Amino acid sequence: MAWWRSILKGDPEINTQKVEPENSKLGDLDGDTRQTVEKMMFDQRQKQMGLPTSEEQNKQDMLHKFMAAHPEMDFSNAKIS
């Protein structure tokens, strides 16, 4: 992203190193953005704890449902990552 050097031509240059963004709260975000941020935070915590992310857990759940729906299939030698 490119920053403007100044607001108006002839004004002093803006030192972007001194700009401090305001802290925002999840409640300040719109619904879609908040949902995305909460998912990212959850996934980050899961990774830190060595647990599956929401996407990985969803894949595992789908696989278990498939396996339960097809007991005639032998998954004992399947290499599932």
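**Exercise 1.** Does Lys39 count as buried, partly exposed or exposed, and at what relative accessibility?

*Solution.* The model is predicted. Start with the cut-offs: buried is under 20% relative accessible area, and exposed is over 50%. Lys39 has 42% relative accessibility, so Lys39 counts as partly exposed.

**Exercise 2.** How are Arg34 and Glu38 arranged in helix α1, and how do their side chains meet?

*Solution.* Take the spacing. Arg34 and Glu38 are separated by about one helical turn because they are four residues apart in helix α1. Their side chains meet in a salt bridge at 3.1 Å, N to O. Next, accessibility. Arg34 is partly exposed at 34%. Glu38 is also partly exposed, with 34% relative accessibility.

**Exercise 3.** State how many salt bridges the structure holds, and describe the one between Arg5 and Glu13.

*Solution.* The structure holds four salt bridges. One of them joins the side chains of Arg5 and Glu13, at 3.9 Å from N to O. Both Arg5 and Glu13 are exposed.

**Exercise 4.** Is Gln46 buried or exposed, and which residues does Gln46 touch?

*Solution.* Gln46 sits in helix α1, residues 31-48. Its relative accessibility is 12%, so Gln46 counts as buried. Leaving out residues up to four places away in sequence, Gln46 touches Leu51, Pro52 and Thr53.

Technical notes: Residues numbered from 1 in each chain as written. Predicted model: local features only at pLDDT ≥ 70, side-chain atom pairs only at ≥ 80, totals over all residues. Heavy atoms only, no water. Helix = DSSP H or I, 4+ residues; strand = E, 2+ residues; numbered from the N terminus. Buried < 20%, exposed > 50% of the residue type's maximum accessible area, 1.4 Å probe, protein only. Contact = heavy atoms within 4.5 Å.
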